[in-house]
Amino acid sequence: MQHAIPRHIIVIGAGIVGASLAYHLASKGARVTVVEADGIASGVTGTSFAWINASHAGPDPIASLRGAAIAAYRRLETQVPGLEVRWTGALSYGTQDGRVSPSSLWLDRSSIAQLEPNLKTPPELAVHEPEQGALDAVAATHALLAAARAHGATIRTHTPVLGFKMAGATVSGVETATGVVDADLVVLAAGTGTQALARQLGVHLPIHASPAIFLRYQAPPGLVRGIISSHAMEVRQAADGSLLAAEDYVDDALENQPAAMARRTASAIREELDGVDFLAPELACVGLRPMPLDGVPVVGVLPQVENVYVCAMHPGVVLAAIVGQLASEEIIDGQAASALDACRPARFVA
């Protein structure tokens, strides 16, 4: 990849990862066009619990990347108008997954009750992560794209990529229904659509769509102060007072459909919390997360073709800020990021 600033970079995908890339690239002086098949944040970004969670259980090949995620968001808050993270901290107990981070603190029952006074039966012990927080991923995506526009970026929504303009193994643009858009570099940041785009270029990236349940309720204000992750529920309260919850996807049986899950989760919340005078479901849906085969993000130059860079990952919201920063430094400044070494697409190509 050339280290001079590309004349024109196309970012395919207007979720939070694509938006972060567009902002960081444009702020470095690149001419950027974002091409999105639907609307802004219309994919998994719009159905994300959006917990900025740097904890991990067991060996972590992206420990340095994950460890830099919170600091990257704190930088973005100072740079991007309208991008706000609620740094409420997180409380975890009873999940038995062993997740910890360098900032993890063990709290006893009385300390837990002070943090979350509406818990009916605080556990004897819980892990507290005071540095963690959450954001409105849709609002953050809009803020990043607005900041990218302020640096000259163009955003083209409802513009599916139909193919690529090729000269041998070199990509020089994307084909859309309204014509070809020329580019010196194309970045694939289309979430679960990244695999299909790479396939058009003759490269197999094993990225599957991993489902999860996202729930939102109307609820009384002040039920939850931070983020609670327990055996019974994973919840947080947004700035507008709505209560957000996340659940694992089980299967497509009727009793495990999102509406049924919303009813069961509401019952669990009432069992766990005092003050739940009302809890009305507003949204219950399945979000499809891009999950690489080995669980490690796919970030870097696409093998076998020229002028294509890939950014596909779970957790996308958590890593969007740091990956946008590091990928832009690789693309524009030619500074290879060692934190991305485990993420290279070449590991999947024989």
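Keep in mind that the model is predicted.

I'll start with the aromatic rings. A pair of such rings is described by how far apart the centres are and by the angle between the planes. There is 1 aromatic pair in this structure. It is formed by F49 and W51, with ring centres 6.5 Å apart and planes at 80 degrees. An angle over 60 counts as edge-to-face, so that is what we call this pair. F49 is buried, at 9% relative accessible area, and W51 is buried too, at 11%.

F49 comes up again with a charge. The charged end of R236 sits over the ring of F49, 5.5 Å from the centre. Elsewhere, R74 lies over the face of W87, and here the distance to the ring centre is 4.2 Å.

Next, strand β5, residues 90–93. In a regular strand, side chains alternate between the two faces of the sheet. In β5, A90 and S92 point one way, L91 and Y93 point the other way, and all are buried.

Which strands does β5 join? One is β7, residues 125–129, which runs antiparallel to β5 with 3 bridges; there, L91 stands opposite H128. Another is β15, residues 227–230, which runs parallel to β5 with 4 bridges. In that pairing, A90 faces I227.

Last, the surface. Y249, V286 and L288 make a nonpolar patch of about 230 Å². V286 belongs to strand β18, residues 280–292. Its relative accessibility is 35%, so V286 counts as partly exposed.

Conventions
Residues are numbered from 1 along each chain as its sequence is written. This is a predicted model: local features need pLDDT of at least 70, side-chain atom pairs count only at pLDDT 80 or more; totals for chains, interfaces and linings use all residues. Side-chain values use heavy atoms; hydrogens and water are left out. Patches are made of residues with over 30% relative accessible area and no salt bridge: like charges are joined within 9 Å, nonpolar side chains (Val, Leu, Ile, Met, Phe, Trp, Tyr) within 5 Å. Accessible areas come from the Shrake-Rupley method with a 1.4 Å probe; for residues, only the protein chains shown count as cover. A salt bridge is a side-chain nitrogen of Lys or Arg within 4 Å of a carboxyl oxygen of Asp or Glu. Helices (H or I, at least four residues) and strands (E, at least two) are DSSP runs, numbered from the N terminus. Buried means under 20% relative accessible area, exposed over 50%, partly exposed in between (1.4 Å probe, protein chains only). Rings of Phe, Tyr and Trp (its six-membered ring) pair if their centres lie within 6.5 Å; planes under 30 degrees apart count as stacked, over 60 as edge-to-face and the rest as tilted. A charge sits over a ring if NZ of Lys or CZ of Arg is within 6 Å of the ring centre and within 35 degrees of the ring normal. Two strands pair if DSSP finds at least two bridges between them.
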